[in-house]
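Here are my notes on the model you sent over.

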Amino acid sequence: AQGCSFRRVAGFPGKGAHNNSSEMAGTGAGYDLDVTTYSPDGRVFQVEYAGKAVENSGTSVAICCKDGVVFASEKFLLSKMLVPGTSKRIFPVHRHAGMVVAGMLPDARQIVNRARSEATQYMNAYNEEMPSEILAERLGLFMHAYTCYGSVRPFGCAVLMGTVDKETKKPSVFCVEPTGMAFKYVGTAIGKGKQAAKTEIEKMYANSPEITCEQALLQVAKIIHKVHDEKDKDFELEISWICPASNYQHAQVAAQKVKAAEDEAKRILEAEQEDD
């Protein structure tokens, strides 16, 4: 019609686009504008970018011990004026479950709230705590739903959920990623230093397969300090656990114990560097 004009939307393939599709494949150009768009080589770039948001965050770890679960997080201090304990990255889900997060904290809080909601609804319906495998699977389904619609974006966070069975006292750790995949681990890490942290966790289990939560405090403090990048900001170490010392309920570790573990970890790392 006269007076009407059409323009090509940025990123939308126009005339001749099929000729250079091979050049665009793998670069993200034109295929990363929407979470519902696959690249020619079968990738969904928006979901991969969400994973990058997790990798830019401080390192978080969760490990199963002989008598429970220990969580730890490297919380960067964005200002010297921050009050200690603010902007937490470790949260309770229900009495016998906790969660440590990495990535965009506001997104992670939504996952924590979803986990609490799922656990509460299950308790109201069945009068018993939600099995950890089902809770992890429900969280994975929830996060995956945000990778399927163009009107929403993927969650820019990953979470490590740890539980101790109320009856058997058996510990479990699950990792739920931005893709919606849920994996069960003996111990794992997420965030910027995850690869180095995973290596240290494997060494810890190799040396102490029957490690207790009390013994693990020093180990997780050592891992977080060892993988911390000197170029990054100073950080506050958060540690919580579910073990006999907390009556098998999720609780923050006392500040005195955390400081003692940190001081000893720093001393050991300095001694190792001197030996090298």
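**Notes on the predicted model**

1. Let's start in the sheet: Ser 73 has Glu 238 in β9 as its bridge partner. Keep in mind that this is a predicted model, where local features need pLDDT of at least 70, side-chain atom pairs count only at pLDDT 80 or more, and totals for chains, interfaces and linings use all residues. Residues are numbered from 1 along each chain as its sequence is written, and side-chain values use heavy atoms, with hydrogens and water left out.

2. Now the wider view. The chain has seven helices and 10 strands; helices (H or I, at least four residues) and strands (E, at least two) are DSSP runs, numbered from the N terminus. Of the 276 residues in the chain, 43% are buried. Here buried means under 20% relative accessible area, exposed over 50%, and partly exposed in between, with a 1.4 Å probe and protein chains only. Among contacts (heavy atoms within 4.5 Å) with a separation of 6 or more, 64% come from residues 24 or more positions apart.

3. Back to the sheet. Five strands make an open sheet in the order β8-β1-β2-β9-β10, with antiparallel pairing. Its edge strands are β8 (187-190) and β10 (251-252), each of which pairs on one side only. Two strands pair if DSSP finds at least two bridges between them.

4. What are the neighbours of β2 doing? β1 (residues 60-65) pairs with β2 in the antiparallel sense over six bridges, and the two form a hairpin with two residues between them. Val 61 stands opposite Ala 72 in β2. Strand β9 (residues 235-242) also runs antiparallel to β2, joined by eight bridges, and Phe 76 stands opposite Phe 235 in β9.

5. How many residues of β2 are buried? Nine of the nine residues in this strand (residues 68-76) are. Both faces are covered: one side carries Gly 68, Val 70, Ala 72, Glu 74 and Phe 76, and the other Val 69, Phe 71, Ser 73 and Lys 75. Note that Glu 74 and Lys 75 are among the buried residues.

6. Helix α3 (residues 105-126) has 22 residues, which at 1.5 Å a residue should span 32 Å; the end C-alpha atoms are 31 Å apart, so that agrees. (The expected span is 1.5 Å times one less than the number of residues.) Its buried residues are Leu 105, Asp 107, Ala 108, Ile 111, Val 112, Ala 115, Glu 118, Ala 119 and Tyr 122. Looking down the axis of α3, these buried residues fall within an arc of 160°, so they line one face of the helix; the arc is that of the directions from the helix axis to the C-beta atoms. Pro 106, Gln 121, Asn 124 and Ala 125 are exposed on the other side of α3.

7. What does the buried face of α3 pack against? Its buried residues pack against β3 (90-94), β4 (97-103), α4 (132-145) and β5 (157-164). After α3 comes Asn 127, with a positive phi near 60°.

8. Take a look at Asp 107, which lies in α3. It counts as buried because its relative accessibility is 8%. Leaving aside neighbours within four places in sequence, Asp 107 is in contact with Arg 153, Pro 154, Phe 155, Gly 156 and Cys 157.

9. There are six aromatic pairs in the structure. One of them is Phe 45 with Tyr 49, tilted, at 6.3 Å centre to centre and 35° between the planes. Rings of Phe, Tyr and Trp (its six-membered ring) pair if their centres lie within 6.5 Å; planes under 30 degrees apart count as stacked, over 60 as edge-to-face and the rest as tilted. Both residues lie in helix α2 (residues 45-55), four residues apart, about one turn of the helix. Phe 45 is buried at 3% relative accessible area, while Tyr 49 is partly exposed at 38%.

10. The pair of Tyr 146 and Phe 155 is tilted too, because the ring centres are 4.6 Å apart and the planes are at 55°. Tyr 146 is partly exposed at 28% relative accessibility, and Phe 155 is buried at 8%. Ring pairs link Phe 142, Tyr 146 and Phe 155 into a cluster.

11. Finally, a charge and a ring. The charged end of Lys 169 sits over the ring of Tyr 248, 5.2 Å from its centre. The cut-offs for this are NZ of Lys or CZ of Arg within 6 Å of the ring centre and within 35 degrees of the ring normal.
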